[in-house]
Each structure stands twice: as C-alpha cells, then as structure tokens.
Amino acid sequence: MSSIRWHWSLGARKLPATPEHVRIAGVLRRGFEAEAENQNLGAKAAGSPVYLPGWARQVHPRSRHHEQMPGLSEEDVDPDPISQFLSWYEYAPCDAVALVTASPQALPSGRMVLLKGVDKSGFVFFTNYGSPKARDLAANPRAALLFFWPPDRQVRVSGWVAEVGRAESERYWRTRPRPSQLSAWASRQSEVIESRTVLEERIVELGSRFPDEVPCPPFWGGYRLIPTSVEFWHHREDRLHDRLLYERTQEGWALKRLSP
Ligand SMILES: Cc1cc2nc3c(=O)[nH]c(=O)nc-3n(C[C@H](O)[C@H](O)[C@H](O)COP(=O)(O)O)c2cc1C
C-alpha cells in the first residue's frame, strides 16, 4: 500500500490522491497480496525468488496515458535534451530521482534525492557536503541520475557534477521551512547515531541557538549535474521500445537511436 501511495504523492502538487485513487490502491493491494500469496507460497517454502505480478507495475494513473502517446521520433524531439526533459517533466512532474556516484575505489552507490532545479546547464539537488555521496563527488565528480515514470518512461543522465555557488545554496535554503532547516543542522548525514532521542535533543538545542532566522550551514548546499549524455526511453508495443540518446559534442548535441 505504501508504495502505491508513494507514487501518487510524488506528483502530489499536480495530482492529489483522490478518494478514488485510495480506493483503487486498496483494490490493487488486496489483489496483489492475494496473487502473491497464491503464486508464491510454494516458492517461499522452497526458498525460490518471489515473482511480482506484472499488473502491479501499473500504479500511476497519469503514467497510463503514456501508453496511448506516440513513440519518440528523431523528428519530433527537441534538439536540446534539457528542453526535451522539461516537456516530459511538465507532463508528469517527478521530483525524486536516483543519484548514482562512485567512490575512489570505483564502488558504486545509489540513493534518491529531490530534484530542485533544472536549467540550461543542468540538474540541481541539495545535500550535506560531508555525506558519503559528497565524499564520492569530491574524489570523482562524475555521476548519473535516473528518472522513472512508472510504468513506461525512463530518462538516464550522466555527466559532471559541480557544487552550486554559495549564493545559490543560500537562496534555496531560505525557501525551506524552519523544521527542515533545523534538521539539516542536526544531521551528520549517514553517520551512526545512538538513538532518535539524541537527534530530537539536538533539534531543541538548535531551536534555542537560532531563535529567529536559521543560517545556511557551511556543510550544506547544492550540486549541479552538467550532462554529457541523456537517454530517453519510452515503452512501445512488443518490446520494440524507443531509445534516443543525446551525446554532447563540440558543436552541441548528437542524437542517436539505440536498440531496445
Ligand atoms: C524520495 C527521497 C528523496 C530524498 N531527497 C534527498 C535530498 O534531496 N537530499 C539528500 O541529501 N537526501 C535525500 N534523501 C535521502 C537520501 O536518499 C540518502 O539517504 C541520504 O542523502 C544519504 O545518502 P549518502 O549516505 O549516500 O550520502 C531522499 C530520500 C528519498 C527516499
């Protein structure tokens, strides 16, 4: 149930979960549990993998519209991949994106972040500059972003990552609600913490330390991923999917079609 609600809540600004959505989510969940139970009881007992029913993917009411949409053609897409991304984004906003970095030892690591800005030069997200992802980026400033509009659209971006300027981080910081500002101060992101109480006590202390405006912490700010390649994937019938890849060249962008 929670994952079904979550897909809707991603687009919540434009697509609130209506009572009808909640009802359908309940039907899907009950059907899913029943089918999973029927199909997998034996498998569980035998220690085999548990397979998910195919229809469980169809969770985002808006995404179903993609199926009726024409495919991707070289003639119709925008010559600029960021403008093309924005046309997909405007159709179905998707602000959570998987960010993949790699450590100096080439150990890959993925996690979700919120996409907070897209402009001509790239994709902006904010985080703790002392976090593991920030350490990866300091050593290896290349990363990938993966967007997914269930069940049938995907965008893969890869490129170089640079910190946004201090002024840009502070501008965004001022739009954050006070509790999220205090929690950014309280969190030594991804470090082991003794208990939740420790965190909550820090919030109380920070509240007294910053009774009015909460300044932007020096260890917190934004990054911009400047793409060198962007691939748009769109589901088509019979697995003959459309894949268009933009690669940055000296002159601009080269567009290629990839095999599905
Ligand atoms: C939907 C979603 C959005 C998130 N957005 C952010 C974000 O914008 N910035 C951030 O630092 N962490 C965000 N997180 C938490 C990260 O996924 C991750 O737990 C955290 O940044 C620590 O990652 P690291 O240890 O790889 O540095 C988000 C998690 C989820 C599930």
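This is a predicted model: local features need pLDDT of at least 70, side-chain atom pairs count only at pLDDT 80 or more; totals for chains, interfaces and linings use all residues.

Reader: Thanks. How many helices and strands does the protein chain have?

Author: The protein chain has eight helices and nine strands.

Reader: And what share of its residues count as buried?

Author: Of its 260 residues, 20% count as buried. Among contacts between residues at least 6 apart in sequence, 62% join residues at least 24 apart.

Reader: On to the ligand. Which residues are closest to the ligand?

Author: The ligand is surrounded by 15 residues, and the closest are Arg 111, Thr 127, Ser 131, Lys 133 and Ser 190. Two or more residues of this shell come from each of β2, β4 (122-128) and α5 (132-139).

Reader: Which element gives the most?

Author: That is β2, with five residues in the shell around the ligand.

Reader: How do the residues of the shell divide into nonpolar, polar and charged?

Author: Seven are nonpolar, six are polar and two are charged.

Reader: Let me stay with β2 for a moment. Ser 109 is in that strand; is Ser 109 buried or exposed?

Author: Strand β2 covers residues 108-114, and Ser 109 is found there. Ser 109 counts as exposed because it has 12 C-beta neighbours inside 10 Å, and a residue with 12 or fewer is classed that way.

Reader: What is Ser 109 in contact with, leaving aside its neighbours within four places in sequence?

Author: Ser 109 is then in contact with Thr 101, Ser 103, Pro 132 and Asp 136. Take Asp 136: Ser 109 and Asp 136 are 27 residues apart in sequence, and their C-alpha atoms are 8.9 Å apart in space.

Reader: What is the phi of Ala 106, and where is Ala 106 placed?

Author: Ala 106 has a positive phi of about 70 degrees, although it is not a glycine. Its place is in the loop between β1 (96-102) and β2. Ala 106 is exposed, with 7 other C-beta atoms within 10 Å.

Reader: And Asp 238, where is that found?

Author: Asp 238 is found in the loop between β7 (220-234) and β8 (242-248). Asp 238 is not a glycine, yet it has a positive phi of about 55 degrees. With 6 other C-beta atoms within 10 Å, Asp 238 is exposed.

Reader: Last topic, helices. How is a pair of packed helices described?

Author: One gives the angle between their axes and the distance between the axes. For α7 (residues 178-186) and α8 (residues 196-209), the axes come within 9 Å and cross at roughly 115 degrees. The crossing is right-handed.

Reader: Which residues meet there?

Author: From α7, Leu 182, Ser 183, Trp 185 and Ala 186 meet Leu 199, Arg 202, Ile 203, Leu 206 and Gly 207 of α8. By class, this contact has six nonpolar, two polar and one charged residues.

Reader: How many residues of α8 are buried?

Author: Of its 14 residues, the number buried is zero, so α8 lies largely in the open.

Reader: And what should the span of α8 be?

Author: At 1.5 Å a residue, its 14 residues should span 20 Å, and the end C-alpha atoms of α8 are 20 Å apart, which agrees.

Methods. Residues are numbered from 1 along each chain as its sequence is written. Axes are lines fitted to C-alpha atoms, for helices over the stretch in contact, and angles run from 0 to 180 degrees between N-to-C directions. Helices (H or I, at least four residues) and strands (E, at least two) are DSSP runs, numbered from the N terminus. A crossing is left-handed if the near helix is turned anticlockwise from the far one by less than a right angle, and right-handed if clockwise. Two residues are in contact if their C-beta atoms, placed from the backbone, lie within 7 Å. Ala, Val, Leu, Ile, Met, Phe, Trp, Tyr, Cys and Pro count as nonpolar, Asp, Glu, Lys and Arg as charged, and the others, Gly among them, as polar. The expected span of a helix is 1.5 Å times one less than its number of residues. A residue is near a molecule or strand if its C-beta atom, placed from the backbone, lies within 6 Å of it.
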